[in-house]
Amino acid sequence: MSFDLNYAEWQTLLAIADAMFPQVPEDALLRSVPTYTLSPAYRDILIKFAKEKPSDCALFQEVMKQHVLHQTRDKFPQLQSVLKMMSQSYKSVIFTGYFRPFCRLSESQQQAALVSLETSRLSVFRSLHKAFYSLILAGYLGSSGLVHKAMRHPLREPLIDDMQRYKSKDFFLYSMLSETDLSELTQFDAIIIGSGSGAGVVASRLSRDGFSVLVIEKGKYYAQSELSFSELEAVNNLYECGGMLHSEDKQIGIIAGSTFGGGSTVNWSASIPTPSYVRREWAIKHGVEFYNQAIYTDAIEYVCDAMGVSSAHIKHSMANKILINGSKKLGSPVSVVKQNTGGHEHRCGYCGSGCRFGEKQGCVCCWFVDAAKHGAKFIDRTTVEKVLTRGDKAVGVMITINGKHMKLRSKTVILSAGALNSPLVLRKSGFTNSNIGKHLKIHPVIFAYAGLFDSDSNSFQDAILTAVNTEKENLDGKGYGARIECSYHQPIHIFDPFPWHSGLSAKQTLVKYNNLCTFITMCRDKGEGSVSVNPIDGGPSIEYKLSESDRHSLVEGYKTLLDILLVSDVDTIYTSSRRLPAFHPSADTLKTGVADNEFREWKEKVCKTILTTSYDVKIYSAHQMSTCRMGSSPRTSVARASGELWELGNIFIADASALPSASGVNPMITVMATAHVIAGNVSENLKKVSKL
């Protein structure tokens, strides 16, 4: 598929981009930042930034074409069709209200047209506005030489070549097999599809037990020396669909790793054991009894010890300090989140771009190192087309490498491709269990922001998620509710959820970047969705509608979050609501606290809007689970409690898709501990096969 536009379509897209981030009055931009920041040099940067628009950036079109538009996947023809209509006088009226091409409208008319799209009662127009904003934001941040300076954000990790953290270290280098190598190594004891958190633990255990293991990853392996990405480069290279994956209705942004190490390469180091109430539910309700047994407790301890999970050397960011101190002021429960950093200090606000310093002990720096030392083999940039079967057992996989098909043989196959891709492999392989791809859990998330205009937050350089508030985590008495955490503080990530109200407000928001702290409310979802094979490109097609129960959980968590921000004496509280303004606490409000009438009325309006207006706040997900879940019956699950498929005994599931339901916490430790138990079952199975 070609991802290029014709001249008229490009002109329309450029006009939309310039309307979203237009030239603005210098004084309006200068008034938007704290006076302490206005050095002569920074003042000059802001003046230049006020005059800049995306079409002025020499690389904007190229960045949009190479790094943004191609990530729209099967939706590109629809986007192109809209641009074509907006470039024609008689069709542009559908989107703008004017019988003129968008690029020929006045500046005020363009602004009005975009506002009309964003606030439309028709979901198709709201989705279109959000698609334009997300694409253009990424393209602009990836091409402007001024925007990062205006935000006071280093484009890349500022300590990239630090002597102690990088230059003095010897990092393990993986040797990826080539097509030629594979032609000579076509038989393995175990083939692991995917390289995420579950895959690492399984590869380590099986190779230690003496089995020949091959790990196949469709993404690319990046050595530590290559992890010097800007944010746009990172999302393109390390994430599923270049970070542009959404539910089919565009209401939910989906973030999932797609590189060697999977989610463990791009996650934020948070290492939280499976809550006891979740373990009980999975054992009793779903019939996966090991979750309530010592074998699973031991597995949690094992994976945490191997990665050096600890809280001993944590240094909290400004955002995490706000969460901790604000919670304590309210008497609300808050705790430190342990990190998988080998017991060392880890100040890395760029962890979502991979850990250049090798401090985060995910698959690449821990589990696969151990597996490689015990003989495991690895290959990247290789797609598994299907699992090969003969009779009642799997005999290997069909792969595509360098555009060529190849068959690889194995005694067992372990699916660890993640909750979005493991079900696709099963479907493409001809498996028919009705639960494959169903029961998708996503831990829905909504954002809020604190504005602090007397100091820099510098959240881009500090640990990301080191504290959690749990006041609302068990709203129904059955373990369902919401948790409050801090979020990754990189520009695309935090501004994509930020509401666009006008071109001026968009630029004013960008320059406030380093005076913001970012927070999320995340719920353990009762509702569920599905993932299926996209008929156009074969990738994941995601259906998910937020249930009323989960929306209620998010709102209850959001109320507590807004209270925390108020008692933390922040200058401004921003929500991701499109319809309501930010809250600027007065001195009287700060003195009165959460009982202040003005604040209570504003908070109720925000929460009522989120509850009653499904499109007002965009939902995000960084945790996808349960699409190949384990259980006690093939009527309700894809795999047995051992991890084996109901349909075929020597195929195992060992990733987040195997979890019976939402874990309720950041799932890395849960996935790894689950995979450790399942790996034991795989090992026993292989030992039996070897004796035959």
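## Close-up views of a predicted model

**View 1. Strand β11 and its partners.** Strand β11 and strand β20 (residues 651-653) pair in the parallel sense, with 3 bridges between them. Here, two strands pair if DSSP finds at least two bridges between them. Strands (E, at least two residues) and helices (H or I, at least four) are DSSP runs, numbered from the N terminus. Within this pairing, Ile 414 stands opposite Phe 652 in β20. Strand β1 (residues 187-193) also pairs with β11 (residues 404-415) in the parallel sense, this time over 6 bridges. Look there for Gln 187, which stands opposite Arg 409 in β11.

A word on reading these views: this is a predicted model, in which local features need pLDDT of at least 70 and side-chain atom pairs count only at pLDDT 80 or more, while totals for chains, interfaces and linings use all residues. Residues are numbered from 1 along each chain as its sequence is written, and side-chain values use heavy atoms, with hydrogens and water left out.

**View 2. The hairpin of β10 and β11.** Strand β10 (residues 393-401) runs antiparallel to β11, and 6 bridges join the two. Ile 401 stands opposite Lys 404 in β11. There are 2 residues between the strands of this hairpin, and Asn 402 takes a positive phi near 55°.

**View 3. Helices α5 and α6, crossing.** Two packed helices are described by the angle between their axes and the distance between the axes. For α5 (residues 76-86) and α6 (residues 89-96), the angle is about 115° and the axes are 6 Å apart. Axes are lines fitted to C-alpha atoms, for helices over the stretch in contact, and angles run from 0 to 180 degrees between N-to-C directions. The two helices, α5 and α6, are therefore roughly perpendicular to each other, a label for angles of 65 to 115 degrees (under 35 is roughly parallel, over 145 roughly antiparallel, and the rest oblique). Val 82, Met 85 and Met 86 of α5 make the contact with Lys 91, Ser 92, Phe 95 and Thr 96 of α6, where contact means heavy atoms within 4.5 Å. By class, this contact of α5 with α6 has 4 nonpolar, 2 polar and 1 charged residues. Ala, Val, Leu, Ile, Met, Phe, Trp, Tyr, Cys and Pro count as nonpolar, Asp, Glu, Lys and Arg as charged, and the others, Gly among them, as polar.

**View 4. Buried residues of helix α15.** In α15 (residues 276-284), the buried residues include Tyr 277, Val 278 and Trp 282. Buried means under 20% relative accessible area, exposed over 50%, and partly exposed in between (1.4 Å probe, protein chains only). What covers the buried residues of α15 includes α16 (294-307) and α25 (668-691).

**View 5. Two loop residues with positive phi.** Cys 241 is not a glycine, yet has a positive phi of about 55°. Find Cys 241 in the loop between α13 (231-238) and β3 (245-246). Arg 381, with phi near 50°, is in the loop between β8 (377-379) and β9 (382-390). Cys 241 counts as buried at 12% relative accessibility, whereas Arg 381 counts as exposed at 52%.
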